Amino acid sequence: MRPHHRPAIVALLLALAALPAYAADLELQVVDKNCFMEIFEDDAFDADDPHVVLQGPKEFATLKNLAGKDWSNDIESVIVGSNATVRAYEDKDFKGTEIAFAPGQRVPNLGKLDMANDIESLKITCGK
Ligand SMILES: [Ca+2]
Ligand SMILES: [Ca+2]
Ligand SMILES: [Ca+2]
């Protein structure tokens, strides 16, 4: 290696030193614990009846078989993870009325949004 290449190597090392933050972002993309949506069959986050956590990022064109259950037209309350944004649709294949949920949003009664027992597809994206 010729000596005059040194500065380039120093610059590369400095760039590598900045990598941890970037690497942390990559890890978060693999499993971001705060990028999820929890859906409940009943209102008020009733944990005694079916409820399931959906890990994002993910798109669900249908809810017919989530954790062994048909969730179509059955969701009445939701909890959105603090790093998730969710779009919900009244029909399958992301059709019909669309509503958006913000990061960290908790909706105890989808009836207030005119969407109780009506959601049939979902898109969960990570990040704000
Ligand atoms: Ca119940
Ligand atoms: Ca229901
Ligand atoms: Ca519907």
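Residues are numbered from 1 along each chain as its sequence is written, while chains are lettered from A and ligands numbered from 1 in the order in which they are written. Because the model is predicted, local features need pLDDT of at least 70 and side-chain atom pairs count only at pLDDT 80 or more, whereas totals for chains, interfaces and linings use all residues.

Strands here are DSSP runs of E with at least two residues, numbered from the N terminus, and two of them pair if DSSP finds at least two bridges between them. An open sheet is formed by 4 strands in the order β2-β1-β4-β7, with antiparallel pairing; its edge strands, β2 (51-55) and β7 (106-107), each pair on one side only.

Strand β5 (residues 84-91) has antiparallel bridges to β8 and also to β6, and a hairpin with 3 residues between its strands links β5 and β6, where D93 in the turn has a positive phi of about 60°.

| Antiparallel pair | Bridges |
|---|---|
| β5 (residues 84-91) and β8 (residues 121-126) | 6 bridges |
| β5 and β6 (residues 95-101) | 5 bridges |
| β4 (residues 77-80) and β7 | 2 bridges |

Within these pairs, V86 lies opposite I124 in β8, R87 lies opposite A100 in β6, and V78 has V107 in β7 as its bridge partner.

Beyond its neighbours within four places in sequence, D74 is in contact with E41 and N117, contact requiring C-beta atoms, placed from the backbone, within 7 Å. D74 and F40, 34 residues apart in sequence, are 8.2 Å apart in space, C-alpha to C-alpha.

Definitions and conventions:
Contact = placed C-beta atoms within 7 Å.
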